[in-house]
Amino acid sequence: MDAREALMVGRNSEGALVRRPLSPHLQAYNMLQFTSVLSIMHRLTGVALAFGALALTWFLADLAMLPGTGATEAPASVRFFGSIIGKVFLFGWTFALFYHMANGVRHMMWDAGYGFDLPTAALSAKVVIGASVALTVLTWIIVLVA
């Protein structure tokens, strides 16, 4: 018996020897399940929000120093967020904010014991994505019109 076979041998609750299955290799799993992608996105949007908070702090610090400096040009953060790349960053940060918030509400519902069955979990996932996109677009329509 080699080491792998030795790991598969165990005892059941009565003490009899049994062969235990080993976990299948990762290739046996479907790695792009909808719930997995949403979970990974929740983590990534949390990281994006942390970096976005640093950028917002940079922007606010530049704005706070503006009045008394006598500067003839806008600070670097104002120029950055006014550029196309800055606006793409802000759009992504807005989506991350709404996605993380909506998925957080979904998790609170799970913590309360609701929505664990597969049809409800799939529906709530679609609602999270739809609400995130709708709130992001609505926010940017308001920002661009105002």
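Q: Let's start with Ala55. Buried or exposed?
A: Ala55 counts as buried, because its relative accessibility is 11%. Buried means under 20% relative accessible area, exposed over 50%, and partly exposed in between, with a 1.4 Å probe and protein chains only.

Q: Before we go on, what kind of model is this?
A: This is a predicted model, where local features need pLDDT of at least 70, side-chain atom pairs count only at pLDDT 80 or more, and totals for chains, interfaces and linings use all residues. Residues are numbered from 1 along each chain as its sequence is written, and side-chain values use heavy atoms, with hydrogens and water left out.

Q: OK. Where does Ala55 lie?
A: In helix H2. Helices (H or I, at least four residues) and strands (E, at least two) are DSSP runs, numbered from the N terminus.

Q: And what does Ala55 touch, leaving aside neighbours within four places in sequence?
A: Phe81 and Phe89 are in contact with Ala55. Contact means heavy atoms within 4.5 Å.

Q: How many residues apart are Ala55 and Phe81?
A: They are 26 residues apart in sequence, and their C-alpha atoms are 9.5 Å apart in space.

Q: Zooming out, how many helices and strands are there?
A: The chain has 5 helices and 2 strands. Reading from the N terminus, the order is α-β-β-α-α-α-α.

Q: How much of the chain is buried?
A: 19% of the 146 residues count as buried. Take contacts with a separation of 6 or more: 56% of them are between residues 24 or more positions apart.

Q: Now pockets. How much space lies in the largest pocket?
A: About 190 Å³. A pocket is found on a 1 Å grid over the protein atoms alone: an open set of points where a 1.4 Å probe fits, with protein on both sides within 12 Å along at least five of seven lines. Lining residues have an atom within 4 Å of a point. The volume is the space filled by probe spheres set on the points, which are joined across faces, edges and corners.

Q: Which residues line the largest pocket?
A: Ala55 is one of them, and others include Phe59, Phe81, Phe89, Trp93 and Trp140. H2 and H4 each give two or more residues to this lining. H4 gives the most, with 5 residues.

Q: What classes are in the lining of the largest pocket?
A: There are 9 nonpolar, 2 polar and no charged residues. Ala, Val, Leu, Ile, Met, Phe, Trp, Tyr, Cys and Pro count as nonpolar, Asp, Glu, Lys and Arg as charged, and the others, Gly among them, as polar.

Q: What about the second largest pocket?
A: About 160 Å³ of space lies in that one. Its lining has 8 nonpolar, 3 polar and 1 charged residues.

Q: Why is the pair of Trp58 and Phe80 called tilted?
A: Because the planes of Trp58 and Phe80 are at 40°, with the ring centres 6.1 Å apart. This pair links distant parts of the chain: Trp58 is in helix H2 (residues 34-69) and Phe80 in helix H3 (residues 76-82), 22 residues apart.

Q: And which cluster do ring pairs make?
A: Trp58, Phe59, Phe80, Phe81 and Phe89 are linked into a cluster.

Q: Last topic. Which residues make up the largest nonpolar core?
A: This core has 5 residues: Leu38, Tyr99, Ala102, Ala125 and Val128. A nonpolar core is a set of buried Ala, Val, Leu, Ile, Met, Phe, Trp, Tyr and Cys residues joined through side-chain atoms within 4.5 Å. Helix H4 (84-111) and helix H5 (118-145) each give it two or more residues.

Q: What does Leu38 touch, not counting residues up to four places away?
A: Tyr99, Asn103, Arg106, Ala125 and Ile129.

Q: And His42, buried or exposed?
A: His42 is buried, because its relative accessible area is 19%. His42 lies in helix H2. Not counting residues up to four places away in sequence, His42 touches Tyr99, His100, Asn103 and Gly104.

Notes:
Rings of Phe, Tyr and Trp (its six-membered ring) pair if their centres lie within 6.5 Å; planes under 30 degrees apart count as stacked, over 60 as edge-to-face and the rest as tilted.
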